[in-house]
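Subject: Structure for you to look at

Dear colleague,

Here is the structure I promised to pass on, with my notes below it.

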Amino acid sequence: MTGSKTSAMFVTLEGGEGAGKSTSRDFIVSMLEEYDVPFIQTREPGGTPIGEALRELLLSKEGTAPSVTTELLMVFAARAQHLHEVIEPALREGKWVLCDRFTDATYAYQGFGRGSDLGEIEALEALVQRGRHPDLTLLFDINPQLGMARARQRAELDRFEQEELTFFEKVRNGYLSRAECNSRFKIIDASRSIDDVQDALREILKPFLDRTS
Ligand code: TMP
């Protein structure tokens with residue numbers, strides 16, 4: 001990577017379980033490489049040693065599950081460190097940041113899914129992010145029934161993935177209502193074939209990438 005190109009963008013990938021985010025992330029990485037754009041890829045919860053340790057606790061099925069408030073504070077604690085240690089420095093260096101999930105996941109999972117107060121999430125968002133928001137959010141939207149059927153085939157389910165279908169319906173509605181009020185969202189119908197999803201991604205990303213060349 002040359003590091004010569006600027007117009008750094010903060011891009012987040014969001015969606016329910018089994019929406020094919022990982023396959024799409026690999027495709028986006030190949031596009032960034034094709035355009036010779038300097039970038040990092042990272043994820044939430046995680047992205048730093050502290051964040052990855054919190055991720056393990058958050059996804060673990062062992063021991064006592066965190067309370068709704070504890071869970072909310074854990075995702076924001078991981079995020080605070082992630083912004084400090086990884087995201088802000090990369091953006092300062094002019095690198096694109098491709099992040100698998102960010103605060104929209106907190107609104108969708110903790111807010112709409114678990115019932116955490118949305119005003120409290122907003123307050124934590126302001127405290128932790130200090131005005132930093134993604135420039136572009138790709139929402140991989142899928143019917144939860146189909147998504148969960150895919151997720152079940154993939155690997156052992158984590159603590160979130162073990163939730164009932166109604167939880168994922170709330171999460172999906174949360175994401176869609178966030179997308180309605182934020183123009184940075186692009187919704188991708190993730191029930192389509194991989195080829196169709198990749199065509200949609202190319203169409204969305206090309207104008208941003210053309211600006212960097
Ligand atoms: P992943 O499956 O995309 O790796 O994400 C791990 C899980 O973490 C996923 O089930 C969603 C959940 N999550 C939250 O509940 N709140 C958050 O703020 C984030 C970033 C993820």
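The buried residues of H4 are Thr-103, Asp-104, Ala-105, Thr-106, Tyr-107, Ala-108, Tyr-109, Gln-110, Gly-111 and Gly-113, where buried stands for under 20% relative accessible area, exposed for over 50% and partly exposed for what falls in between, with a 1.4 Å probe and protein chains only. Helices (H or I, at least four residues) and strands (E, at least two) are DSSP runs, numbered from the N terminus.

Please bear in mind that this is a predicted model, in which local features need pLDDT of at least 70 and side-chain atom pairs count only at pLDDT 80 or more, while totals for chains, interfaces and linings use all residues. Residues are numbered from 1 along each chain as its sequence is written, and side-chain values use heavy atoms, with hydrogens and water left out.

H4 is mostly covered, with 10 of its 11 residues buried, and what covers those buried residues includes strand E1 (10–15), helix H3 (68–92), helix H5 (118–129), strand E4 (136–141), H7 and strand E5 (185–189). Just after H4, Gly-115 takes a positive phi of about 90°.

On the H4 side the contact (heavy atoms within 4.5 Å) is made by Asp-104, Ala-105, Tyr-107, Ala-108, Tyr-109, Phe-112 and Gly-113, and on the H7 side by Phe-167, Phe-168, Lys-170, Val-171, Gly-174, Tyr-175, Ser-177 and Arg-178. By type, the residues of this contact of H4 with H7 divide into nine nonpolar, three polar and three charged, with Ala, Val, Leu, Ile, Met, Phe, Trp, Tyr, Cys and Pro counted as nonpolar, Asp, Glu, Lys and Arg as charged, and the others, Gly among them, as polar.

Arg-178, which sits in helix H7, counts as buried at 15% relative accessibility. Not counting residues up to four places away in sequence, Arg-178 touches Asp-104, Tyr-107, Glu-125, Arg-184 and Phe-185.

As for H5, its axis and that of H4 come within 10 Å and cross at roughly 155°, and H4 and H5 are therefore roughly antiparallel to each other. Here Thr-103, Thr-106, Tyr-107, Gln-110, Gly-111 and Phe-112 in H4 meet Leu-118, Ile-121, Glu-122, Glu-125 and Gln-129 in H5, and the residues of this contact divide into four nonpolar, five polar and two charged.

Leu-72, in helix H3, counts as buried at 4% relative accessibility. Leaving aside its neighbours within four places in sequence, Leu-72 is in contact with Thr-106, Gln-110, Ser-116, Ile-121 and Leu-124.

**Nonpolar cores**

A nonpolar core is a set of buried Ala, Val, Leu, Ile, Met, Phe, Trp, Tyr and Cys residues joined through side-chain atoms within 4.5 Å. The largest has 26 residues, of which Trp-96, Leu-138 and Phe-140 touch the most other members. E1, helix H1 (21–34), strand E3 (96–100), E4 and helix H8 (194–212) each supply at least two residues of this core, and H8 gives the most, with six residues. Apart from this core lies another, of 19 residues, among them Leu-58, Leu-91, Phe-102 and Ile-121.

**Backbone features in the loops**

Most residues other than glycine have a negative phi, and most peptide bonds are trans. Asp-36, in the loop between H1 and E2, has a positive phi of about 55° although it is not a glycine, and this residue is partly exposed, with a relative accessible area of 30%. Arg-130, in the loop between H5 and E4, likewise has a positive phi, of about 45°, without being a glycine, and Arg-130 is exposed, with a relative accessible area of 70%. A cis peptide bond with omega of about -10° joins Glu-44 and Pro-45, and Pro-45 is found in the loop between strand E2 (39–43) and helix H2 (49–59).

With best wishes

Conventions: Axes are lines fitted to C-alpha atoms, for helices over the stretch in contact, and angles run from 0 to 180 degrees between N-to-C directions. Angles under 35 degrees count as roughly parallel, over 145 as roughly antiparallel, 65 to 115 as roughly perpendicular and the rest as oblique.
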